[in-house]
Amino acid sequence: MTRFLVKRLFSATLTLFAVSVLTFLMFFALPRDPVTGMCPKNCNPERLERVRDELGLNDPLVTQYAGYMKGIVTGRDLGSAQGGRCDAPCLGWSYVTNEAVSDTIARVLPVTLSIVIPAAVLWLLLGVGLGMISALRRGTWLDRLAIGFSLTGASLQLYFVGAVLLLVFVYNLRILPVPSYTSIFDNPLKWASGLVLAWFSLAFLFSAIYARLSRAQMLETLSEDFVRTARAKGLAKPKVYGRHALRAAITPVVTIAGLDVGGALGGTVITETTFGIQGLGRTAVDAVRAGDLPTIMATVLIAAVFVVLANVLVDLLYAAIDPRVRLH
């Protein structure tokens, strides 16, 4: 197991290194010049060149990349043009908001985490639970109800579901406040009430996918020889379904869940836009619109980190569910 873990972590490190290089090169591929974003339009060529030198843009690309990565690990001195000393993890200086990018990320990342993690718990419990019930009660009204729920969720879009929930629960019934973010450490009740619509919007749509997948996998697993053998031995149904059938059927669900959660943590743009919440996704979109290159680099890199870590976690869960995976 230790060897398996080391191999996966090494592969993840190489992937993140490649992403960091490509993201850094993107900084220079985009047409917007960061110097013109910091210096007023009436700056003379001498002033522009001085700012460029302070930003280190006259250094070789390798030197600039090494400085950027060093800043993430140990921090670095950005110079007077970029706010002075930047503590680790230093992701650069925003020319648009005139603050360290790490400060921006520290402000918006908890918002995205607060949206995605509770929503993921909900959609996994609801989706897998409905899929199992539907498979075990195949052909009954419960099965038809679960299938109807799955088809409805798969047919709708988040911006529509979110708008309907806002109209009903916020503006008509007035039983929920306008969605907003409050730290869970400041006021847990206000934190939950401000994000509950976002949670259930995501959970409703994602759980429809998981319900269909879980149902199909469970039906296939129930027809396997090892399940029939377990029944023939007289094992109790909860043990047969829970310990044997579910463990075999859950593997594809783990794969999709890891990718979905990792991608969502990289930025729930539509969710945050629909409910007017400023998280990592909206910050990335705003940075693209404003040409805020350091913030774009940081959000892309963070999204990649979440996706890679999610894949590592999926591999570890695979190894725990199916020991044969450790041999590859």
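A residue is called buried here when its relative accessible area is under 20%, exposed when the value is over 50%, and partly exposed in between (1.4 Å probe, protein chains only). The model is predicted, so local features need pLDDT of at least 70 and side-chain atom pairs count only at pLDDT 80 or more, while totals for chains, interfaces and linings use all residues. Residues are numbered from 1 along each chain as its sequence is written, and side-chain values use heavy atoms, with hydrogens and water left out.

The protein chain holds 14 helices and two strands, where helices (H or I, at least four residues) and strands (E, at least two) are DSSP runs numbered from the N terminus. Of its 328 residues, 42% count as buried. With contact meaning heavy atoms within 4.5 Å, residues 24 or more positions apart account for 65% of the contacts in the protein chain with a separation of 6 or more.

Leaving aside neighbours within four places in sequence, Ala12 is in contact with Val308 and Val312. Ala12 counts as buried because its relative accessibility is 9%.

Helix α4 (residues 61–74) has 14 residues, which at 1.5 Å a residue should span 20 Å, and its end C-alpha atoms are 20 Å apart, in agreement; the expected span is 1.5 Å times one less than the number of residues. Gln64, Tyr65, Tyr68 and Gly71 are the buried residues of α4. Seen down the axis of α4, these buried residues fall within an arc of 120°, so they line one face of the helix; the arc is that of the directions from the helix axis to the C-beta atoms. An α-helix has 3.6 residues a turn, so residues three or four places apart point the same way. The face of α4 turned away from the buried side carries the exposed residues Val62, Lys70 and Val73. After α4 comes Gly75, with a positive phi near 85°.

Helix α11 (residues 251–265) can be read in a similar manner. Its 15 residues should span 21 Å at 1.5 Å a residue, and the end C-alpha atoms are 21 Å apart, which agrees. The buried residues of α11 are Thr251, Val253, Val254, Ala257, Gly258, Gly262, Ala264 and Leu265. They fall within an arc of 160° when seen down the axis of α11, so they line one face of the helix. In the loop between α11 and α12 (269–275) sits Thr268, which counts as buried at 7% relative accessibility. Not counting residues up to four places away in sequence, Thr268 touches Thr112, Ile115, Val116 and Gly281.

Helix packing is illustrated by α5 (residues 101–136) and α6 (residues 141–155), whose axes come within 8 Å and cross at roughly 145°. Axes are lines fitted to C-alpha atoms, for helices over the stretch in contact, and angles run from 0 to 180 degrees between N-to-C directions. The crossing of α5 past α6 is left-handed, that is, the near helix is turned anticlockwise from the far one by less than a right angle. On the α5 side, Leu126, Leu130, Ile133 and Ser134 meet Leu142, Asp143, Ala146, Ile147 and Phe149 of α6. By class, this contact has seven nonpolar, one polar and one charged residues; Ala, Val, Leu, Ile, Met, Phe, Trp, Tyr, Cys and Pro count as nonpolar, Asp, Glu, Lys and Arg as charged, and the others, Gly among them, as polar.

The loops complete the picture. In the loop between β2 (85–86) and α5, Asn98 has a positive phi near 60° in a residue other than glycine and is exposed, with a relative accessible area of 55%. Ala100 lies in the loop between β2 and α5 and is buried at 8% relative accessibility. Ala100 touches Gly92 and Trp93, not counting residues up to four places away in sequence. The loop between α7 and α8 holds Arg174, exposed with a relative accessible area of 66% and with a positive phi near 55°. Thr182, found in the loop between α7 (158–172) and α8 (188–222), counts as buried at 15% relative accessibility. Not counting residues up to four places away in sequence, Thr182 touches Asn187, Lys190 and Trp191.
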